[in-house]
Structure formats: C-alpha cells, structure tokens
Amino acid sequence: MGMTMAEKILAAHAGRAKVEPGELVRAKLDLVLGNDITAPLAIREFRSLGAEAVFDAERVVLVADHFTPNKDIKTAELVREMRAFAHENGIVHFYEGGEAGVEHALLPEKGLVGPGDLVIGADSHTCTYGALGAFATGVGSTDLAVGMATGTAWFRVPDTFRVVLGGAPRRFVTGKDVILALIGGIGVEGANYQALEFTGEGLASLSVESRLTIGNMAIEAGAKAGLMPPDEAVLAYVEGRAVRPYEIFLSDPDAHYRETLEIDLASLELQVAFPHLPENTRPISQVGDVPVNQVVIGSCTNGRMEDLRLAAGILKGKRVAGGLRAIVIPATPAIYLEALREGLLETFVTAGAMVSVPTCGPCLGGHMGVLAEGERALSTTNRNFPGRMGHPKSEVYLAGPAVAAATAILGRIGSPEEVL
Amino acid sequence: MLLEGRVWRFGDNVDTDQIIPARYLNMVDPAELARHCMEDADATFAGKVQPGDILVAGKNFGCGSSREHAPVCLKAAGVSLVIAVSFARIFYRNAINIGLPILECREAGRIAEGDRLEADLGAGTIRNRRAGEDYRAIPFPAFMQEVIRAGGLVPFIREELKRGKAGG
C-alpha cells in the first residue's frame, strides 16, 4: 500500500522508507517558529534544557506579531527577552516593528517555507503552510524549546482525511467559505489527530492565497495539518522566494485514507460561522437579521492581497454604516505597501474604515479593536470562541472578506449582492 | 501514580481562550497565570479550586490556540488531573510535555461536579467513590509514558542531551 503526502514527508524527515499511521517517529525539522506569546515561555524551557545554542540560526524564526506594536509594559518586556535571545543566538529571521507581519502570512511571503518541508510552530495556525505542500503543525512552547535546541520533534503519524474538491467557486466565494463549510460539516473535532488533505480538480480553481486560508483553519477541525498537493500555481508562488531547496511529495494512488469527503465548489454559498464555535456555519442566505458593531478584515486567515482587493472592490465608493467600526489589517508590511500603491488603503479610509499596521491584535482580543460586553463583531479571522475578541459576553461571527465588506456597509451581516 | 481529588465539571469544547484568556498572555509566571485559570468559563474557579482537585470535561477539551499557558495555569492552580472524553491534540501534547496529568476517558460524562475520584495514572483506571463505578482511560503510547515518567519533555530531553544523543 502506498503513502499519503503527510506520511511521505514524515518518513523522509525521520530517515525511514515507510511510516504508518499511529507510529511515533522522531523527525528532523526544516523550520521552527515562535511568536511574542509562545517564545518567551519557550526561551525559559530552552534554558532549563541546558542547551547552549539553537540548532541552526537560519532555521529558527521568531516573529513579534500578536501584540505588536507592543500593547503594554509586560508585552514590551517579553519582546525584549525575545530580542535578546535572538541576538544571543544570531537568529537570522527575527522580525519585529516595521519588519514584522502576521507570521503565517509573513513566512510564505518570505520563502521561509516550501513544499515538502517539515515545520513546527508554537502557534496553532502553523498548519497554514500545508497549502504549499509542507507538513506544518502547531505545538506548544516546550516542543518549540526542544525544536530550537535539537532541530527535531516527535510525531505520531496521523491518519489522513481526504477532502476532494470539485468544480469552480462562484463569484465572491473563496477559500474561507470552503474551510468554513467543511468545519460546519465535520465539526470542530471532525479531524482531531488527523491530517487533512485537500485534493481534486477543484483545487486548481482556488488561488494560492485562498489555499493558505484553507490550510490555516485545518486546526479549527482539530486537524494536525492541512496539506495540498503543490501544483504549477504553488511552484510559481514559491519560485524566486524559497530560501532553501524544496521537494514535492504527492500521495500515492493507492494511499490509505481514513475518510474521504467531497465538496462541490460550484454549489458552495458564502458561509458565516455563528458564535461560539467555527462549526456553527450557515450559508449567507440563511443568516437572517444580525446587526453588528464591528467588522475586522485581516489576520493570518484573510489579511492577504486577494482579501484586501475583494473587500476594497465592494467598499469602493460606499460608506461604512453609521456607528459601525470597520478595521482593516494588511497582514504584512509588503502587503501593506502593495495595498497602499494600489490605492486600496485610500478606498478603505475614504469609506470610513480604520487601517491598522500589521498585527494579530483584535483576532485574539489582544488590542487594536477589543469588544465590550454584549458587542458583536463579524470578522475574517479564524475563531469565535466565547470572549475571543474581548468581553466574555461579546460575540464573534466568522466569514470571508466579501461578506465582511458588505456587512461593514449594511451594518448587519449581509452578502455583496445586496450592496453592488 | 495514584491521585485522589474532588471534581470540578465542565462541558464540551472548552477552548484555550476560556482556560486562559489572551488578555493575560502578557504574563509568563505560572502563579500569576493561575489566578485567571478557567476565568472565561467560570470566573469563580480560580478562587475555589484546591490543590489536588480534578477537572473533568466533555469532548475536545483545550481546542483552539497552542498556548502552553493553558496547561501551565491549570497545573499551577493545583489541578492534579484533567479527565476529558477527548482532548484537542495540541493541548494533549502540551499537557504531557509540561507534566500535567491527563486521562482520556469515554465515560467521563458519568462523572458529576463534587464527585471524589481515585485515579491510577499508570493503570489508566478511575474510581468514582460517589457512584461506586470504575472507568478505564485510553492508554498512552509507550513513548509518552516515558515522558510522563520523566516529569515532562524538558527533563526527558535534558537527560538525553546529557547522554549526548540529541539530534538522533
């Protein structure tokens, strides 16, 4: 029997010809990632390990993105620790201030991840890089510390859950709708302990950015990774960026899948996830009258150029509804600059939206847009747990950039067709 | 290892934002984090939990972010054991890595708030004294048992680094 791409990547990095689901392997890592929340804990663990230096100063990436620009004194102190550690270890890829962006937008953009890579990141959305054909998974600070010290991690080889995409999506429907529909169908632990693999002829109809959005939210179905076979579009994206050689792993035709599910992109409607779980999805036609106080467009899920273009196209010449706060956050400095040059930022500001510097900020209720008791947000981010964006009694609805832009204009959750 | 304690009961899909809200992630000291443990699920929890108490939850406990602050704050608050019908995988891994005992038990739904439990971590058995019932937890893979015995991944790897086997 053949192997899935997840199994092949783990086998190759464990120095094995073959691995099977359920086996525990120790594997060599291509890249290890930490951020301003998880790295400070990891640095303490790293020191307690008695490690003298990181395993490879070019393969440890540290990004201060969650609370940047530093939101308070404690945060500034944590980032100072991280900076000192980065300097001490000569870490090449340490990003803060004007060089920092939301990590899962920043790393692919800088070519730090590529097809066939094995990556751990102390951030649950590390699974984003599966869109490029990497096996990338979120871990905690202790795994990050051990990864930084040894360049290795232990993995239980996961079963693979295959999602076959067919057809091409309608106008305004993007990767966000695909992944929300999937989570709505299988539930927030529908792929727990498994690797998701998105395949099928429909994949080609989705941009690389849309695929990154799909991979990003694999964790919201409990998945360990969300892989996609790299095609010409991915290779074109990676070419000229990749800082290391990469290798393409594709699933064998006789690979074993624990489950297979099909999604027809052509019949897929825009999706909205209601509080307080990403699985509470409804198609836009069944949302009803839901007024909102705040709209957020950004994050590692939907803060890339495709998202900003889509939102700006809807907001151009329109006004944000009175009393509604619309926040737009380009995910990286390069995206910010491109959006600036294209005039998208002018469109947002003219429409009455606020444009923020790159930050995770409001997605996790950190800063730059925290909700009060009883307030409701519609957000292009990835989680709508109780209190996720602020007060424990606030509410978050999740959707893609088209619904977010329309909602900002309408003052209630709505579709772009209503405003165009 | 034998553990005994009184039960605090939570439901399904308790995510890490409820275990330790992101507004406290500007802290790293376990004792400080413990003061806000479970705050967005039960704001009174940190004030009433006693050392040795056992937290019992439904399915998908610890879903969401990878923040290790979640198992760290539970451990620092004195929680001796977390039993759940199922755990989200990053929380499961983090708990073992930092030495917070957990047991995955399909019958956890039979356990009620205030019950007194005796758990044998090595054997994977749970005795509910109030109900007079015994439950079986899903056994850990052998490697994880070694990490658990070492007290977490840091002491486990530290030993290995000392033996000069790292990177193998």
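Where in chain A is the place of Ser207(A)? Ser207(A) sits in the loop of chain A that runs between strand S9 (195–199) and helix H7 (208–216), where helices (H or I, at least four residues) and strands (E, at least two) are DSSP runs numbered from the N terminus. This is a predicted model, in which local features need pLDDT of at least 70 and side-chain atom pairs count only at pLDDT 80 or more, while totals for chains, interfaces and linings use all residues. Residues are numbered from 1 along each chain as its sequence is written, chains are lettered from A and ligands numbered from 1 in the order in which they are written, and side-chain values use heavy atoms, with hydrogens and water left out.

Ser207(A) is partly exposed, with a relative accessible area of 27%; here buried means under 20% relative accessible area, exposed over 50%, and partly exposed in between, for a 1.4 Å probe and protein chains only. Between Ser207(A) and Ala134(A) there are 73 residues in sequence and, from C-alpha to C-alpha, 17 Å in space.

Chain A as a whole contains 13 helices and 18 strands. Its radius of gyration of 20 Å agrees with the value near 22 Å that a compact globule of 420 residues would have, the radius being taken over C-alpha atoms and the globule rule being 2.2 Å times the number of residues to the power 0.38. The C-alpha trace of chain A spans about 60 × 50 × 40 Å along its principal axes, and 65% of the 420 residues in chain A are buried. Among the contacts in chain A with a separation of 6 or more, 77% come from residues 24 or more positions apart, a contact meaning heavy atoms within 4.5 Å.

Within chain A, helix H10 (residues 305–315) is largely enclosed by the rest of the structure, because 8 of its 11 residues are buried. The buried residues of H10(A) include Met305(A), Asp307(A), Leu308(A) and Leu310(A), and also Ala311(A), Ala312(A), Ile314(A) and Leu315(A). Just after H10(A), Gly317(A) adopts a positive phi of about 75°.

Several loops of chain A carry backbone features that deserve a look. Thr68(A) and Pro69(A) are joined by a cis peptide bond with omega of about -15°, and Pro69(A) belongs to the loop between strand S3 (60–63) and helix H3 (73–88) of chain A. A cis peptide bond also leads from Pro275(A) to His276(A), with omega near -5°, and His276(A) lies in the loop between strand S12 (271–273) and strand S13 (281–283) of chain A. Tyr193(A), in the loop between helix H6 (175–186) and S9 of chain A, has a phi near 70°, which is a positive value in a residue other than glycine; Tyr193(A) is partly exposed, with a relative accessible area of 23%.

Turning to chain B, the reader finds 7 helices and 7 strands, which follow one another along the sequence as β-α-α-α-β-α-β-α-β-β-β-β-α-α. For its 168 residues a compact globule would have a radius of gyration near 15 Å, and the 16 Å of chain B agrees with this. The C-alpha trace of chain B spans about 50 × 40 × 25 Å along its principal axes, and 60% of the 168 residues of chain B count as buried.

Helix H4 (residues 69–76) of chain B has 6 of its 8 residues buried, so it is largely enclosed by the rest of the structure. The buried residues of H4(B), namely His69(B), Ala70(B), Pro71(B), Val72(B), Cys73(B) and Leu74(B), pack against helix H2 (38–49) of chain A, and also against helix H1 (16–19), helix H2 (30–34), strand S2 (54–57), strand S3 (81–84) and helix H5 (89–98) of chain B. Just after H4(B), Gly78(B) takes a positive phi of about 105°. In the loop between S2 and H4 of chain B is Asn60(B), a residue other than glycine whose phi is positive, near 60°; Asn60(B) is buried, with a relative accessible area of 1%.

The last topic is the contact between the chains, to which chain B gives 43 residues and chain A gives 49 residues. Together chain B and chain A bury about 4000 Å², with 58% of it on carbon and sulfur atoms; buried area is the accessible area (1.4 Å probe) that two parts lose on being put together, summed over both. Asn26(B), Arg89(B) and Arg93(B) supply 18% of the area that chain B buries against chain A, more than any other three residues.
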